[in-house]
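Please walk me through this structure.

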Amino acid sequence: MTVDLYSASVCPFAHRTRLTLMEKEIDFQLTEIDLNNKPDWFSDVSPYGKVPVIKHGNYRIWESAIINEYLDEAFPHPPLMPKTPGERALAKIWIDFANTKFVPVFYKMLLEQDVAKQEKWKRQFLEHLHFMEQEGIGQLSENGNYWLGNTLSLVDLTFYPWFERLCVLEHYRNVSLPEDCQFLQQWWHNLSQRASVQSIQNPSQFYIAEYEKYANNTVAGVTAQEMRNN
Ligand SMILES: N[C@@H](CCC(=O)N[C@@H](CS)C(=O)NCC(=O)O)C(=O)O
């Protein structure tokens, strides 16, 4: 039974799902959605008007973190979550950190036009990176290649798409991954070597052009509106 995926190559959330599908070697049919010009039928597919959404058998599933957990449960090999309850809890903490702390600040910094407020978001973003470095990967990887050690997990696939898009923050807001985040530097390099990552990688220029409307806060659409409001 093939998985149908509704995706957009610019979208980091959909990027998570594509990487998970590829890492598990799941057959999938991709429908690319133009987020600037969504087809009329898309509202029937996506209850929140967003990508990614998958259809699998009788199920239609949305929200990238839930989709990835579903895929990990429905297609158990190779497993992308640890087995023991304590380790699973730690993995979930970092997935939650990505969703509730790291990702929103990425968007808020980009959408903000007031320079002083941009600086505030920039400080917060750098704090998050240092926290991830010290409390996250620095403790959990035990010098392995990935966030939780030597085995790739959903934590890696949850964060990676924003690192591929860090060029956007660097270009528009002069923010990059600090040199003292050495675990994160090495982790980013390790992930960049994976075949799944390389097969759908986009060049910096693509993201810089695609995110221009975020950087000058003229982007329409649900995601930017939610980020402005929260
Ligand atoms: N929380 C959602 C976020 C998905 C999301 O925001 N997707 C964006 C593209 S990156 C989207 O489709 N936005 C539609 C719009 O802005 O109108 C998830 O994790 O799947």
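The questions and answers below follow that order.

This is a predicted model, in which local features need pLDDT of at least 70, side-chain atom pairs count only at pLDDT 80 or more, and totals for chains, interfaces and linings use all residues. Residues are numbered from 1 along each chain as its sequence is written.

Q: What is the strand order of the open sheet?
A: Helices (H or I, at least four residues) and strands (E, at least two) are DSSP runs, numbered from the N terminus. Two strands pair if DSSP finds at least two bridges between them. The open sheet has four strands with mixed pairing, in the order S2-S1-S3-S4.

Q: Which strands are the edge strands?
A: An edge strand here pairs on one side only. That holds for strand S2 (28–32) and strand S4 (59–62).

Q: Which residue in S2 is the bridge partner of Val3?
A: Strand S1 (residues 3–7) and S2 run parallel, joined by five bridges. Val3 has its bridge partner in S2, and that partner is Phe28.

Q: At what angle to S1 does H1 run?
A: Axes are lines fitted to C-alpha atoms, for helices over the stretch in contact, and angles run from 0 to 180 degrees between N-to-C directions. H1 lies across S1, S2 and strand S3 (53–56). Its angle to S1 is about 150 degrees.

Q: How many residues of domain 1 that touch domain 2 come from H1?
A: Domain bounds come from an automatic or database domain assignment. That assignment gives domain 1 (3–74) and domain 2 (85–229), and their centres, taken over C-alpha atoms, are 20 Å apart. The contact takes 17 residues from domain 1 and 19 residues from domain 2 (contact: C-beta atoms, placed from the backbone, within 7 Å). On the domain 1 side, H1 gives the largest share, eight residues.

Q: Why is helix H6 largely enclosed by the rest of the structure?
A: A residue is buried if 20 or more other C-beta atoms lie within 10 Å of its own, exposed if 12 or fewer, and partly exposed in between; C-beta atoms are placed from the backbone. The cover over the buried residues of H6 includes H1, H3, helix H4 (85–111), helix H8 (182–192) and helix H9 (195–199). H6 (residues 154–164) is largely enclosed because its buried residues number nine of the 11.

Q: Is Leu154 buried or exposed?
A: Leu154 is found in helix H6. Beyond residues up to four places away in sequence, it touches Asn68, Asp72, Leu80, Met81, Ala91 and Ile95. Leu154 has 26 C-beta neighbours inside 10 Å, so it counts as buried.

Q: How far apart in space are Leu154 and Leu19?
A: In sequence, Leu154 and Leu19 are 135 residues apart. In space, C-alpha to C-alpha, the distance is 9.6 Å.

Q: Which residues are closest to the ligand?
A: A residue is near a molecule if its C-beta atom, placed from the backbone, lies within 6 Å of it. The ligand is surrounded by 15 residues. Helix H1 (12–23), helix H3 (64–74) and helix H12 (222–229) each give two or more of the shell. The closest are Cys11, Lys50, Ser64, Gly221 and Thr223.

Definitions and conventions. Contact = placed C-beta atoms within 7 Å.
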